[in-house]
Amino acid sequence: MDEYFGSYAVVVVLFAIGVVIFAGALFANRMLRPNRPTPDKLTTYECGVDPVGDGWAQSQVRYYVFTYLYVVFAVDAVFLFPWATIFDAPGFGMTTLVEMFVFLGFIALGILYAWRKRVLAWT
């Protein structure tokens with residue numbers, strides 16, 4: 001039982017060493033950096049343009065919808081690659097084909113729903 005907890009002790013010691021090195025690097029950075037704040041340095045910087053107005057702005061929901069659609073197609077692609085490797089294996093052909101058409105059916109239903117709600121119109 002002592003060997004069992006001894007392996008955890010090694011992990012804890014290595015973690016502590018990592019924390020000390022990280023904290024030491026941050027402390028050295030704070031001690032060695034120049035610190036001369038001026039009003040110009042403390043203003044908000046955004047792409048070289050002086051900030052004007054409020055910092056809060058609304059975003060259109062349609063941008064998020066297109067992002068979600070991209071995620072749906074990315075997940076679809078992630079599931080297509082393993083399916084393509086198993087499809088050719090003996091004994092899995094028809095089963096995997098049916099499962100993939102069910103999966104693609106759900107994806108098609110989601111896209112049809114988005115199209116019927118006029119989410120895909122970019123106007």
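Helix 3 covers residues 93-116, 24 residues in total, and spans 34 Å from its first C-alpha to its last. That is close to the 34 Å expected at 1.5 Å a residue, the expected span being 1.5 Å times one less than the number of residues. Helices here are DSSP runs (H or I, at least four residues), numbered from the N terminus. Arg118, with a positive phi near 60°, follows helix 3.

This is a predicted model, in which local features need pLDDT of at least 70 and side-chain atom pairs count only at pLDDT 80 or more, while totals for chains, interfaces and linings use all residues. Residues are numbered from 1 along each chain as its sequence is written, and side-chain values use heavy atoms, with hydrogens and water left out.

Thr96, Met100, Ile107 and Ala114 of helix 3 are buried (under 20% relative accessible area, 1.4 Å probe, protein chains only). Their cover includes helix 2 (61-87).

Helix 2 and helix 3 pack at about 170°, with axes 10 Å apart; axes are lines fitted to C-alpha atoms over the stretch in contact, and angles run from 0 to 180 degrees between N-to-C directions. The two helices are therefore roughly antiparallel (over 145 degrees). In contact (heavy atoms within 4.5 Å), Val72, Phe73, Asp76, Phe79, Leu80, Trp83, Ile86 and Phe87 of helix 2 meet Gly93, Thr96, Leu97, Met100, Phe103, Leu104, Ile107 and Ile111 of helix 3. By class, this contact has 13 nonpolar, two polar and one charged residues, with Gly counted as polar.

Confidence is given by pLDDT, from 0 to 100. The protein averages 81, and 92% of the residues score at least 70. Among the elements, helix 2 has the lowest mean pLDDT (78) and helix 1 (residues 2-32) the highest (92).

Definitions and conventions: Buried < 20%, exposed > 50% of the residue type's maximum accessible area, 1.4 Å probe, protein only. Parallel < 35°, antiparallel > 145°, perpendicular 65-115°, else oblique. pLDDT = per-residue confidence, 0-100.
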